[in-house]
Amino acid sequence: MRLAFSSTCLFTQDELLWGAAWLRRASQDDSFLNYIQNNGKILGADDNINEFGWDNKHAGLNVLVSKEFMEGGVLSLESYKGFADSFMCTLIPESASSHIQYTPGGLIYKPGGSNMQHVTSISFLLLTYANYLSKSSQTVNCGSVQVAPASLQLQAKRQIDYLLGDNPMNMSYMVGYGGKYPKRIHHRGSSLPSVSAHPQLISCKDGSDYYKSPEPNVNRHIGAVVGGPGEDDVYEDNRVDFRKSEPTTYINAPLVGALAYFVANPDAGLVLT
């Protein structure tokens, strides 16, 4: 099996490496390892981007491939440990290279909307890398600062605690969790009445009244996580403000991994249970 690359793949470079890394993980086929080694630099593996999510996989790639070096002893992949460390150092306030923004309440914040996507994906990556580091008795090298795996785990825990209610609003951003959570999420199925309650057809334009209504959604979308508060920790619970009130799969999906970690490691449990 061979992965192809051409100059037309500018916007999928990270996906090519990400795919090769997972195929290597699943098959242990050396051809995928060779692909990563031969194409890593040209496909941007060393790009220092403090982001991980649906639109940029480089940080996740570096964490995944660094496992081969730390646990498998593949010395030719040592640079990926350095790349992964660099990403982690951007998140550590004590690090000289820290440059990620936090709200006054301590939530990771990146402008652009659906902020919880960054919170959940980065938390998942923090826990994953901490696990790899622990198994290989290594730390994160941030120049004059050495960061232990437990520090990464604590960083992730603080983010998930915030998401579930340990924040200035005392609000859980997961619908149905805790005593206070978003009631007016930006979600058509949640805000429109069910066919049993309203058997008549509701056309697209007819939904505007429900969209603009100040009333809570008629159907609770249990488990959905919304975009979350702004940089000032404030959340208005307004379905029209989709940047804050829309739930997405790319917010919820990485959260599943983070929560699974805490379930499997109850000693590192969340503030809220």
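**Helix packing and local backbone features in a predicted model**

The axes of helix H5 (residues 116-135) and helix H6 (residues 149-163) come within 8 Å of each other and cross at roughly 155°. Axes here are lines fitted to C-alpha atoms, for helices over the stretch in contact, and angles run from 0 to 180 degrees between N-to-C directions. The structure is a predicted model, in which local features need pLDDT of at least 70 and side-chain atom pairs count only at pLDDT 80 or more, while totals for chains, interfaces and linings use all residues. Residues are numbered from 1 along each chain as its sequence is written, and side-chain values use heavy atoms, with hydrogens and water left out.

Helices (H or I, at least four residues) and strands (E, at least two) are DSSP runs, numbered from the N terminus. On this basis the protein contains 10 helices and 4 strands, and the pattern along the sequence is α-α-α-α-β-β-α-β-β-α-α-α-α-α. Taken along the principal axes, the C-alpha atoms fill a box of roughly 65 × 40 × 30 Å. Of the 273 residues in the protein, 47% are buried; buried means under 20% relative accessible area, exposed over 50%, and partly exposed in between (1.4 Å probe, protein chains only). Contact means heavy atoms within 4.5 Å. Among contacts with a separation of 6 or more, 63% come from residues 24 or more positions apart.

H5 and H6 are roughly antiparallel to each other, given that angles under 35 degrees count as roughly parallel, over 145 as roughly antiparallel, 65 to 115 as roughly perpendicular and the rest as oblique. H5 passes H6 in a left-handed crossing; a crossing is left-handed if the near helix is turned anticlockwise from the far one by less than a right angle, and right-handed if clockwise. On the H5 side the contact includes Met116, Val119, Leu126, Tyr129 and Leu133, and on the H6 side the residues include Pro149, Leu152, Ala156, Ile160 and Leu163. The residues of this contact divide into 12 nonpolar, 6 polar and no charged. Ala, Val, Leu, Ile, Met, Phe, Trp, Tyr, Cys and Pro count as nonpolar, Asp, Glu, Lys and Arg as charged, and the others, Gly among them, as polar.

H5 has 20 residues, and the distance from its first C-alpha to its last is 29 Å, close to the 28 Å expected at 1.5 Å a residue. The expected span of a helix is 1.5 Å times one less than its number of residues. Because 16 of the 20 residues of H5 are buried, this helix is largely enclosed by the rest of the structure. His118 lies in H5 and is buried, with a relative accessible area of 7%. With neighbours within four places in sequence left aside, His118 is in contact with Glu51, Lys110 and Ser123. Just after H5, Ser137 takes a positive phi of about 55°.

Helix H1 (residues 13-27) and helix H2 (residues 30-39) have axes that come within 8 Å and cross at roughly 150°. H1 is therefore roughly antiparallel to H2, and the crossing is left-handed. The contact is made by residues including Leu16, Leu17, Ala20 and Arg24 of H1 and Asp30, Phe32, Leu33 and Ile36 of H2. Its residues divide into 9 nonpolar, 2 polar and 2 charged.

For helix H3 (residues 58-72), the 15 residues should span 21 Å, and the end C-alpha atoms are 21 Å apart, in agreement. As 13 of the 15 residues of H3 are buried, the helix is largely enclosed by the rest of the structure.

Tyr250, in helix H10 (residues 249-264), is partly exposed at 32% relative accessibility. Apart from neighbours within four places in sequence, Tyr250 is in contact with Trp54, Ser114, Gln117 and Thr120. The C-alpha atoms of Tyr250 and Ser136, 114 residues apart along the chain, are separated by 30 Å.

Most residues other than glycine have a negative phi. Asn170, in the loop between H6 and helix H7 (188-191), has a positive phi near 50° and is exposed at 55% relative accessibility. Asp233 lies in the loop between helix H8 (208-212) and helix H9 (242-245). Although not a glycine, Asp233 has a positive phi of about 70°, and at 3% relative accessibility Asp233 is buried.
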